[in-house]
Amino acid sequence: MECTVTFHDRIGRSQLAAAIEPMRVDALHELLESAVSETVRASLGSGEFEIELTLSGDTEMERLNFDHMGERGPTDVLAFPLHEWSVDGQRSRLADDDGIGPPGAMLLGDVVVDVDQAVRQASEGDWSVPEELALLTIHGCLHLLGHDHAELDEEQAMRSVERSVLTALHRRHRDVDWKPGSLFDRAGHAVSTGS
């Protein structure tokens, strides 16, 4: 399975570097690439996929949140899926009416993470900004692939995939100061799927 992650920097490298110190930006990209790849593998299995991952600040996120969700103010992560998905347990499957795409990697959509909001949430929760960014990336990717947490059974399935992905990340990225728990366990997270 291969999942290509295309990064879009809408916050600026120096501001991002200051937010994630002492981690380097290239190490953060590696961590977030792992988070995306593990989430896609856990939800879809094998195949060739591509996800656009945008790191933004409050200003852009406020605009996106208002334009697509009708909400004022920033939110921590938005997901903009390109396909309709049905979720069966932990696995995502293309909805019946979503046709076959062209050959090559399937572009899944865009996940936008607000770095400014991640910094605030990490500070409030006393965990690292890179960990918060990884959790938001996982959560946004799960929304991109049709997962939701409006109902208890949906939340349990989403938590299960998240735990599986975090287990792999904890083993692979030992340099991150991981705290126990899930994004679901942390107050104040409002994750939305864009339209």
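Me: What makes Glu38 count as buried or exposed?
Reply: In this predicted model, where local features need pLDDT of at least 70, side-chain atom pairs count only at pLDDT 80 or more and totals for chains, interfaces and linings use all residues, Glu38 has a relative accessible area of 9%. Buried means under 20% relative accessible area, exposed over 50% and partly exposed in between, with a 1.4 Å probe and protein chains only, so Glu38 is buried. Residues are numbered from 1 along each chain as its sequence is written, and side-chain values use heavy atoms, with hydrogens and water left out.

Me: Where does Glu38 lie, and with which residues is Glu38 in contact, leaving aside its neighbours within four places in sequence?
Reply: Glu38 lies in helix α2, where helices (H or I, at least four residues) and strands (E, at least two) are DSSP runs numbered from the N terminus. Contact means heavy atoms within 4.5 Å, and with those sequence neighbours left aside, Glu38 is in contact with Val165, Ala168, Leu169 and Arg172.

Me: Why is Val77 called buried?
Reply: Val77, which lies in strand β3 (residues 77-81), has a relative accessible area of 0%; because the limit for buried is under 20%, Val77 is called buried.

Me: Why is Asp126 called exposed, and what is its phi?
Reply: Asp126, found in the loop between α4 (115-125) and α5, has a relative accessibility of 58%, and since exposed means over 50%, Asp126 counts as exposed. Phi of Asp126 is near 60°, a positive value in a residue other than glycine. Most residues other than glycine have a negative phi, and most peptide bonds are trans. The peptide bond from Glu21 to Pro22, however, is cis, with omega near 5°, and Pro22 is found in the loop between α1 (13-20) and α2.

Me: What makes α2 roughly parallel to α5?
Reply: Helix α2 (residues 25-44) and helix α5 (residues 129-144) pack at an angle of about 30°, with their axes 9 Å apart; axes are lines fitted to C-alpha atoms, for helices over the stretch in contact, and angles run from 0 to 180 degrees between N-to-C directions. Angles under 35 degrees count as roughly parallel, over 145 as roughly antiparallel, 65 to 115 as roughly perpendicular and the rest as oblique, so α2 is roughly parallel to α5. Among the residues that make this contact are Leu28 and Leu32 of α2 and Leu133 and Ile138 of α5.

Me: What makes α1 roughly perpendicular to α2?
Reply: The axes of α1 and α2 come within 9 Å and cross at roughly 80°, and because roughly perpendicular covers 65 to 115 degrees, α1 is roughly perpendicular to α2. In this contact Arg13, Leu16, Ala17 and Ile20 of α1 meet Val25, Asp26, Leu28 and His29 of α2.

Me: How many residues does the largest nonpolar core have?
Reply: A nonpolar core is a set of buried Ala, Val, Leu, Ile, Met, Phe, Trp, Tyr and Cys residues joined through side-chain atoms within 4.5 Å, and the largest one has 50 residues, with Ile20, Val40, Leu108 and Leu133 having the most contacts inside it. The largest share of this core, ten residues, comes from α2. A second, separate core of five residues includes Met61, Leu64, Phe80 and Val112.
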